[in-house]
Amino acid sequence: MFVLTDDLSDDLLPYLPNVLALQKDGASFANYTVTDSLCCPSRASILTGRYPHNTGIVKNNGSDGGFRLFHSRAEEKSTFATDLHAAGYRTAFYGKYMNEYFPRITFGGGTPYVPPGWDEWAAGGDAYDGFNYELNENGKVRTYGSRPQDYLTDVLSAKAQRFITASAAAGRPFMLEVATYTPHLPYVPAPRDAHGFPGLTSPKNSAYDTVPEDAPPWLAGHPPLPAWLKKHIDDSFRKRVQSIQSVDLMVSELRATLTRAGVADDTLVVFSSDNGYHMGEHRLNPGKMTAFESDIKVPLIAAGPGIPAGLVVDEPVENIDLRPTFAQLAGAPVAAQIDGRSVTGLLNGTTPAEADGWRTAALIEHSDPATDPKDPDYNQDSENVPPSYDALRTRAFTYVEYVDGSREYYDHRSDPDQMLNLASGLDPERVTELREALRALNTCAGATACGTAGRSIR
């Protein structure tokens, strides 16, 4: 059972008691990052187990991103859904699929389109408001209104509970993904939560309203945040916390359903997000797409059979690792073209032997910012979105190379809030090492090549 949230950052975890209970019961990944801190590229990596430079999905829409390109490149024919379906699993998807997917899309087939690999399907399009949306439910479009019971996260939860109950009763193994729209902008909570957490303000570390020393050109000239924006950030953070209460309730209800159905002890439960979110850090308007920790490092929590309670996994893990993990756990073949690697060994509390060691560095990619006003991640203030970059992230540091030639290097241990850019002081030999490792990763294809590239730097 995979719960995927939208734009949920690490700083929201303290407000999710049922997710924290899941974490206590299982494992958390201290160095889990996404391949691209943007919805559609990240979701493409999750589904396929491949980096954006291999899926070709580097934006949310248009000629180099979005669902239509994903479909036209036939990426849907090989995903974790097709893996598990072929292995005899009953599969279900409920919620947000990919940007540019809309419930009424047919591709000329006469009926609303359902991607391959899914036995049960209920996906929405532009449903970020939580009300007055449509879902493609197994090829038929259903319209929901504005009543409290139409709130989208609750609707998805009810569908998922019915699927679990029916699958368990039939004695069928199952794979379920619930992909919420929350807490994505406009951060709409369920009516019951709309007045919660009065007076709550956003957390403010040393990066809040401050640019790093020796910041790259795109960021260096940012002025202090005005008072109205600081208030907006506080109000928005409170709304985000309100909106995720429905997600937290859903996690509790789904786990209770697994228990009632008698399958809790045989089910892996995974919780994560497609990307993170910054709110005032480094003087940036609320958003994502940077290589800062707030955007690329997100929760990954897993609990289930064989996973020690309270386990913390330190190895660098990425969203490309989810597909091979799901496949291995289901006894399905791991597709040859994937770039990731199963984390089942890490979930058992073991560290891979040095000869067959785990990656030491994760790759983060980012292409030009969203420039289409129809894109839900469009940012009118383009100065708040970085130019294209590639980045390496290890447990010890983050290294970024921008398309304009500027660079960043942050030491996580001495500078966790990333306030001192050390790139200009690196030895030339170290810069060469970093550049070669980054080139190896941002051109790799397949688990062997990407695994070797990921172990090439410390």
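Colleague: Which handedness does the link of C444 and C450 have?

Modeller: That link is right-handed, with 95° about the S-S bond. Keep in mind that this is a predicted model, where local features need pLDDT of at least 70, side-chain atom pairs count only at pLDDT 80 or more, and totals for chains, interfaces and linings use all residues. Residues are numbered from 1 along each chain as its sequence is written, and side-chain values use heavy atoms, with hydrogens and water left out.

Colleague: What is a disulfide, and how many does the structure hold?

Modeller: In general, a disulfide is a covalent bond between the sulfur atoms of two cysteines. Here the term goes to a pair of cysteine sulfur atoms within 2.5 Å. The structure holds 1, and that disulfide joins C444 to C450 at an S to S distance of 2.1 Å.

Colleague: Are C444 and C450 buried or exposed?

Modeller: Both are buried. Buried means under 20% relative accessible area, exposed over 50%, and partly exposed in between (1.4 Å probe, protein chains only).

Colleague: Which residues does UniProt list for "domain: Sulfatase N-terminal"?

Modeller: The unreviewed entry lists residues 9–332. UniProt positions are given in the numbering used here, feature names are shortened, and annotations may be inferred rather than shown by experiment. In the model, the end C-alpha atoms of residues 9–332 lie 32 Å apart.

Notes: Helix = DSSP H or I, 4+ residues; strand = E, 2+ residues; numbered from the N terminus.
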